[in-house]
Amino acid sequence: MNRSKEDGFLSHIRVVDFTTNLAGPYATRFLRMLGAKVIRVEHGRRLDVLRRRTESDFNAVNPGKMSITIDLKSPKGMELAKRLIKISDVVVESFRPGVMAELGLGYDVVRDVKPDIVMVSISGFGATGPERNFASWASIFASMSGVSYLTGYADGIPTEFRGTFDTRAGQMAAFAVMLGLTHRQKTGQGQYIDVSAIEQQICSIGEVVMDYTMNGRIGERMGNRDTHKAPHNCYRCAGDDCWVSIAVGNDEEWEALCVAMGQPELFEDDRFKNPLSRWQNQEALDEIITSWTVGHADNEVMEILQKAKVAAMPVMSAPEIFEDPHLQRRNFIHTVEHPQIGKRFVFATPWRISGDPSYVPKRGPLLGEHNNDVFCDLLGMSPEEVSRLIEEKVIS
Amino acid sequence: MTKQEEVINASQALAGLRVLEYSQFISGPYCTKLMANFGAEVIKVEPPGGDEARCHPPFFQDIPDKEMSGLFLYLNTNKSGITLNLDNEMGRIMFRELVKQADILVENNPPGTMKQYGLDYESLKQENPGLIMTSITPFGQDGPYSRYKSYPLNTYHAGGEGYCLPGGTGWQLNPDREPLKAGGYIGEYDAGTVAAMVSLAALLKREFTREGKFIEISQQEVLLSLMCTELGRYSDGWAESRATRWFPIAGLMQCKDGFVQVMPFERRMWNGLVNLLGDPSWSKDEKYDFANVYGRPTKGTGITGVGGRLQIQEEVNNILAEWVLQHTKEEIYYGAQERGTAVGIVCTTEDLLKSKQLQARQFFIEIEHPKVGKHPYPGLPFKMSSTPGQLKRPAPLLGEHNEEIYCHHLGFTKQELIQLREAKVI
């Protein structure tokens, strides 16, 4: 195998990807971006929910993967899946717990086919426990993990979330794959990894949980506010629905903010003379700051304040993100051409590796685009055999 | 570590891996915590005053003590802690010695900090060519914003998600108010997870190349990536905001004792919910059939149910809201889920500790700490069948392992340690 320096970290790894929707595909998106070969097993008549909704979403989360179509409910289809697993390193799936076993691809079967396989299941509640079969989507991962309750205006209701709680589960699952592969590299042993989207998310509010377990205090919503910093909020700027976030951590930054706003006298104001008094009077503070920010564009405020060494960033909207000079300079935003939906904006990796060529952005695969590559080139089947399986709707 | 713990540790996924951490607050410490969970030997290097997380609430019994911050205690379990003053030349020499013995170095200082100390990757790799060095910063190592000052609030709001919060009812109630950050510091944790993933990927490759790498993580790009589908829609000019994100049916609803997230997005789920309501007479009317309530999903918007008829949806929402308000979160959650309908409790931290599912999976793990005692901590982020990981050791006291690390690993004598302390090196 070619293991030249130019290959990605995972260029020696092949992943069979049975996932759908967003959480699982986000995990394998990162595996692909790290160099692994990812083969998505799809079904021609039961389309991935993202393909059903919009090919654009599918494209964003499946860049550079291969797509094959197999009817897993047919015995011959199952045979194909097993042949693929036999020559692979990782299996990722995101069905409801138990569904893979019902299909005949539970871990015990997969392990018999490929003893050192690293198999990762991603589900809402985890693969065990009395609520394992409960239905859930990203919004429920956010609500059951405690994050929804903690998010919102201090005087308002909790906040519902969307896809980012799928992708958060996916990035943790990708880390889990690394652990499985590290152990396998050392010992030759594979294993099964059970990722609960809810549990992994609770790990991201550890300090709030500790406040409850140590002090019996239930964490509450506090908008953009901080436990001790002030000002610490988003402020309206000139333009339609434009905002800037500003946070001040000490007296030095406070003085710099007063001067930058052209109101140095505020620094002498008793209401704001130390961190505690600023925190206690932050509503008054927010009004004063807003009366200044509304006269400026959000990126103007950023530039003025950053020059003064005060932390300020626009609350970035989609148009701002795609026109952002920083992200462009870092080559984070690319355009790819997709045969069905045309030009698409896609992102590069959120990491850079010294000495490695930069990531080449890719589009998502068309449904079954790689059937020939996989069945003929990889599994060594003849074109006639493939045609026959297509006729039999095994390759669907 | 006790003998028994060492035996368990030897069989963990990252047994034998040596990780050095020179990080503050959350992103770097969470990255190495994830590794320490699964057997890596993590040495946390703190400046003599300690990681700033030590001064961050919540404090045990609200006593502001450097050994009692719940944030620090949570993020630094399973690690050894030493103090080292990098402003001192001897301190920097000792840091180099520690790096020589490390596989991975994780730091999250502002760009340029390590270089100022002469401890940047180019310099460190001379002595340890296999070193993997991972740097986490708000905006990356280069580019116009790289030197910008950014607290977690600012980084989060530069990441795309904040502009869309709160959506749904939260926005309808407050259409003119400011965008929100997610609760806690989850954007900081996100960067730690991605940093841990890429660091281990580099380690896998090192087995073949024997070469280390410098990895830089941009927190902003980690956050934008999480939004890759939503932001990808901008290719068609569709810009997500607080005003574009709502569930036409149900969603976040107030119940008798809190809030629930109700999501009956499929026919069987809708029927399950109607059944939970007691199959009321109105539900027999075809008008309230799933197909009529939801309509056809509209391509492109990512919103389920936009194609439904607004008037029916409003009626249905009113009926649901009234019913939900009269029932408790547990009644609604278990009642709906038993009927196959996706409903979640909007859990408080108290609800989390009481969850039967989390208890059955033994998610929370009790850890005893010398100064704050024994408390349950959030446990491991996932379950591994062969190398399950463990959460055993409490976070280190400031400088707790100075003697162990400096004497046993670097070969200093106890006498020299005293001198180093007097010279304010440690």
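Which residue of chain B forms a salt bridge with Arg217(A)? Asp62(B) does, with the closest N and O atoms 2.5 Å apart; a salt bridge here is a side-chain nitrogen of Lys or Arg within 4 Å of a carboxyl oxygen of Asp or Glu.

1. Basis. This is a predicted model, in which local features need pLDDT of at least 70 and side-chain atom pairs count only at pLDDT 80 or more, while totals for chains, interfaces and linings use all residues. Residues are numbered from 1 along each chain as its sequence is written, chains are lettered from A and ligands numbered from 1 in the order in which they are written, and side-chain values use heavy atoms, with hydrogens and water left out.

2. Interface. Chain A brings 157 residues to the contact and chain B brings 154 (contact: heavy atoms within 4.5 Å). About 13500 Å² is buried between the two chains, 63% of it from carbon and sulfur atoms; this is the accessible area (1.4 Å probe) lost on putting the two parts together, summed over both.

3. Polar links. The rule finds 15 salt bridges across the interface of chain B and chain A. Between these chains, 69 residue pairs are in polar contact, both residues at pLDDT 80 or more. A polar contact is a pair of N or O atoms within 3.5 Å; within protein, one must be able to donate a hydrogen and the other to accept it, and residues adjacent in sequence count only if both atoms are side-chain atoms. On the side of chain B that touches chain A, α9(B) gives the most, with 16 residues.

4. Helix α11(A). Helices are DSSP runs (H or I, at least four residues) and strands likewise (E, at least two), numbered from the N terminus. Nine of the 10 residues of α11 (206-215) of chain A are buried, so the helix is largely enclosed by the rest of the structure. Buried means under 20% relative accessible area, exposed over 50%, and partly exposed in between (1.4 Å probe, protein chains only). The cover includes α8 and α10 of chain A, together with α3, α9, α16 and β11 of chain B. Gly216(A), with a positive phi near 70 degrees, follows the helix.

5. Asp48(A). This residue is found in the loop between β2 (37-42) and α2 (49-53) of chain A. Asp48(A) counts as buried, at 4% relative accessibility. Its side chain makes a polar contact with the side chain of Arg40(A), at 2.7 Å.
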